[in-house]
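The stops below go from the chain contact to a helix pair.

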Amino acid sequence: MMSRPAGVIDVRYEQDIAIIRTLPQWITLGLFLLFLLLLPKLFPARYLLNVINIIMIMTISIHGLNILTGFAGQISVGHAAFMGVGAYACASFMTLWGLSFWICLPLSGLTAGLVGVLFGLPSLRLKGFYLAMATIAAQFIITSFFFHFKPELFRGAQGMNIEPVRLGSIVFDNQENLYYLILPIAALMTFFARNLVRSRMGRAFVAMRDNDLAAEIMGISLFAYKLRAFFIGCFFAGIAGALYIAFMRMIRPDQYSLMDSIWMLGIIIIGGMGSILGGILGTIFVKVLDEFMLALVPLLGSILPRELASRLSASMGLVVFGLVVVLFLILEPRGLAHRWEILKNRFRHWPFTYGH
Amino acid sequence: MYFFFYFLMSGVFLGAIYGIIGLGIVIIYKSTKVFNFAQGHLLMVASLLVASTAGRFGIIIALIITIVGTTVIALILERLTLRPLIGQPLIAALLMTIALSYLLEGGALIIWGEGLYKYPPLFPHEALMVAGLAVQQQVVWAFILVAACFTAFVLFYRRTLLGKAMRATAEDHQASQSMGIRVTQIFSVSWAIAAALAFVASIFLGSLSGAHYMNSHLGLKAIPAVLVGGLDSIAGAIIGGLIVGVLECLVTGYLTSELGEVVPFIVLLIVLLIKPYGLFGMVRIERI
């Protein structure tokens, strides 16, 4: 984490706190960003872009959960519902007031953040499993709110639709344009998350997670910081939700179920709790796994007898998720991000084997 | 009035099932500090086991197979997946039991499929007449069994050596270890007890609605019941179960069934806001 290549010496404070320290790192980052920018031109496959778009949207939401659960230690089992709040907020602002998407995007983040603060209020007195279960309650209450409340606006189980997002003459209705809509926001949010967790607030979150009583004695107001953690975590979810509705152009209340919230927790375990890089790696891992399973279903149908194949394909999602999480928890509880660190250190110390 | 009585009856019955599921969760939580999300799934496995073996071997043998089978599954899960997590943060244990519940549900889907299995009739169908009102016999049995479980567990924790060892383990793992209690053994025992309780609850749920892989979702609604009562209180689990069950049935009966699904969670939030450790939970004083 803090290790750096031999011969790199920080002489100024700014160098010491910089995220990107060396010239090769700058070059790598530049090349990576260039690659991301040119990706739709290099690989114009619609299917691939579709998957990448979903990964980027999910990444934003996962950053939020990572800040809330991985850094601030407040377990939330209702994160998908907050994403739903963002999506519904965006859709209703657009249909009710006819606002443009560009105003609705921050507004829906804000709405989700405020709803998050509302459901985060019990966290002031609750801890551990009690808090986790209170957020499950949030999940159920929010979902059924959109199901039954104001059917003339939210339209119940049928859900809401929106027009494609426009910017001047550009219409974001195909995968490539959507890619260019989502990429800058995802990059910006990742940068924001990465910087936030090493700011004063991020350090307060970590102190609160590691020992809340000790943190309070050191002058961190638990009241303020828990609510801030909920606001920021849910703000990310809201932005992701608004982007998701720009991407799908429709939303239904059952799109954000308890299972999705649990998947998100699984993703931060797989990627590595309390690591921004881990959030990205975990999302990619899970989404790619998902696509593999989808591809496997027709294959199973052709090999196995029909009855067994249909049973297997119905249960595959559950079994694979269960197995992956169980294996990660037992074998690598610090997630893919930790593996990546080990790999980096191996490479750096090669041909010596120590130092990891 | 008749309807009210009827809703109340089914509420008590449902509440008894929640209470027994909740009891299993509480017993595991008390000694291992793990919230067992998969308790409802153990119940589902138990009900499917009974339903699929009763036709071939007869009811008695099916029940014996099931209680042994469920206990063995629970012990294997505890040994293989939760034992390695001792000392890991809370979220690891939480996600582990959620993952286990997915594995159990997926496994049940592979073995039994999506079909609804008929549960062997265990309770006579004739209703008892009490003051002009018909009371189904299974409700009476459920009530008796809940009362029996409650008394048995109170006595078990107060009187027996094993019960006292379990209480000590709940208090402090290291201190009880140095007093000669094998903590790992206590973990196994509490999972075995929880499996047996899941089996008991499965009998009532099976007689109510048959055996199906979605039975497990009842376990999800037992969660507010446990937390309303307090995570570490035996009386709390049962009273919380009854409160949630009765409220759910009354709301479903008088308002809508969709609202009935959410009411337990709304009650949970309100109770937690007022009493963060549930109605009967022990308030912990923390030190650094």
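**The chain contact**

Show chain B and chain A together: the area buried between them is about 4100 Å², 83% of it from carbon and sulfur atoms. Buried area here is the accessible area (1.4 Å probe) that two parts lose on being put together, summed over both. The model is predicted, with local features needing pLDDT of at least 70 and side-chain atom pairs pLDDT 80 or more, while totals for chains, interfaces and linings use all residues. Residues are numbered from 1 along each chain, chains are lettered from A in the order in which they are written, and side-chain values use heavy atoms, without hydrogens and water.

Next, select Ile91(B), Leu95(B) and Tyr102(B), which supply 17% of the area that chain B buries against chain A, more than any other three residues. The contact (heavy atoms within 4.5 Å) takes 50 residues from chain B and 45 residues from chain A.

Colour helix 3 (59-82), helix 4 (90-112), helix 9 (217-229) and helix 11 (257-274) of chain B; each supplies at least two residues of the side that touches chain A. Helices are DSSP runs (H or I, at least four residues), numbered from the N terminus. Helix 4 of chain B gives the largest share, 18 residues.

**A helix pair**

Finally, select helix 1 (residues 2-32) and helix 10 (residues 234-254) of chain B, whose axes come within 6 Å and cross at roughly 145°. Axes are lines fitted to C-alpha atoms over the stretch in contact, with angles from 0 to 180 degrees between N-to-C directions.
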